[in-house]
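Please open the model in a viewer and keep the selection tool at hand.

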Amino acid sequence: MPINPFVKMTATVIRSLLGTSSCKMYPYTKPVFYTRTRGHISIDTEKCILCTLCAKKCPTYALKVDKPGKTWKIERTKCIMCLACVTACPKKCLHTENQYSPPVCSKTEEVFNVEPPAPAKAESCPDKNASV
Ligand code: SF4
Ligand code: SF4
């Protein structure tokens, strides 16, 4: 026999009133961040070579790489944590932190100064005229 909708609704109301609230009183109740929570993107600036691949792959244009200015910028309010940049980075210098970015009142860019590592020196060619 189908349950009367009014009875069903009343049961839900009573459960909500007597049970524990599903709403958390943030910021008084701190949120739980799990190991695999996609919080925010972070960069290891010492490994970045300013190749711009991450910015090219970003679907929301949240990233800007300025090669001459040696900066890597992210506008966090645009980032949807798709991780396309993390996958694309050839130097594996992008990764996720499981903490969310703090709330902001305006759109701002976070700027990171990057000093690309010096290119590795090519091994010198053996001297063709050297005596054996
Ligand atoms: S996670 Fe996705 S949206 Fe966020 S910066 Fe990377 S590519 Fe862009
Ligand atoms: S973060 Fe990675 S993909 Fe982006 S510019 Fe630096 S090296 Fe290239």
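Which residue in β5 stands opposite Trp72? Select Trp72 and look across to β5: the residue opposite is Phe112. Please bear in mind throughout that this is a predicted model.

Now examine the two pairings in turn. Between β2 and β3 there are four bridges, in the antiparallel sense. Leu63 has Ile74 in β3 as its bridge partner, and Asp66 is placed opposite Thr71 in β3. The two strands make a hairpin with four residues between them. Select Lys70 in the turn, where phi is positive, at about 55 degrees.

Return to Trp72 and display its side chain. Is Trp72 buried or exposed? With a relative accessibility of 1%, Trp72 counts as buried, because the cut-off for that class is under 20%. Leaving aside neighbours within four places in sequence, Trp72 is in contact with a list of residues that includes Ile41, Ile43, Cys54, Leu63, Lys64 and Val65. Also among these contacts are Leu94, Glu110, Val111, Phe112 and Val114.

Next, colour the largest nonpolar core, which has 20 residues. The members that touch the most other members are Ile41, Cys54, Leu63, Trp72, Cys85 and Leu94. As a general point, nonpolar side chains in soluble globular proteins tend to be buried together.

Move to Ile43, which is located in strand β1. Ile43 is buried, its relative accessible area being 11%. Beyond residues up to four places away in sequence, Ile43 touches Cys48, Trp72, Cys93, Leu94 and Phe112. For a sense of scale, select Met81 as well: Ile43 and Met81 are 38 residues apart in sequence, and their C-alpha atoms are 14 Å apart in space.

**Aromatic pairs**

How many aromatic pairs are counted? The count is two. For one of them, select Phe33 and Tyr100, whose rings are edge-to-face, 5.3 Å centre to centre, with 70 degrees between the planes. This pair links distant parts of the chain: Phe33 is in the loop between α1 (5-18) and β1, Tyr100 is in the loop between β4 (94-97) and β5, and 67 residues separate them. Phe33 is partly exposed at 24% relative accessible area, whereas Tyr100 counts as exposed at 51%.

Then select Trp72 and Phe112 together. Their ring centres are 5.6 Å apart and their planes lie at 65 degrees, so this pair is edge-to-face. Here too distant parts of the chain are linked, Trp72 in strand β3 and Phe112 in strand β5 being 40 residues apart. Phe112 is partly exposed, with a relative accessible area of 22%.

**Salt bridges**

Finally, display the charged side chains. Side chains of opposite charge can pair when their charged atoms come close. The structure holds five salt bridges, and the tour visits some of them.

- Select Lys64 and Glu109: their side chains meet in a salt bridge at 2.7 Å, N to O. Lys64 lies in strand β2 and Glu109 in the loop between β4 and β5, 45 residues apart. Lys64 is partly exposed at 45% relative accessibility, and Glu109 is partly exposed at 32%.
- Select Arg76 and Glu110: this salt bridge spans 2.7 Å, N to O. Arg76 is in the loop between β3 and α3, and Glu110 is in strand β5, 34 residues apart. Arg76 counts as buried at 18% relative accessibility, whereas Glu110 counts as partly exposed at 36%.
- Select Asp44 and Lys47: the closest N and O atoms of this salt bridge are 3.9 Å apart. Asp44 is partly exposed at 26%, as is Lys47 at 40%.

Note on methods
Residues numbered from 1 in each chain as written. Chains lettered and ligands numbered in written order. Predicted model: local features only at pLDDT ≥ 70, side-chain atom pairs only at ≥ 80, totals over all residues. Heavy atoms only, no water. Core = buried A, V, L, I, M, F, W, Y, C linked by side-chain atoms within 4.5 Å. Buried < 20%, exposed > 50% of the residue type's maximum accessible area, 1.4 Å probe, protein only. Contact = heavy atoms within 4.5 Å. Pairing = 2+ DSSP bridges. Phe/Tyr/Trp six-rings, centres within 6.5 Å; stacked < 30°, edge-to-face > 60°. Salt bridge = Lys/Arg side-chain N within 4 Å of Asp/Glu carboxyl O.
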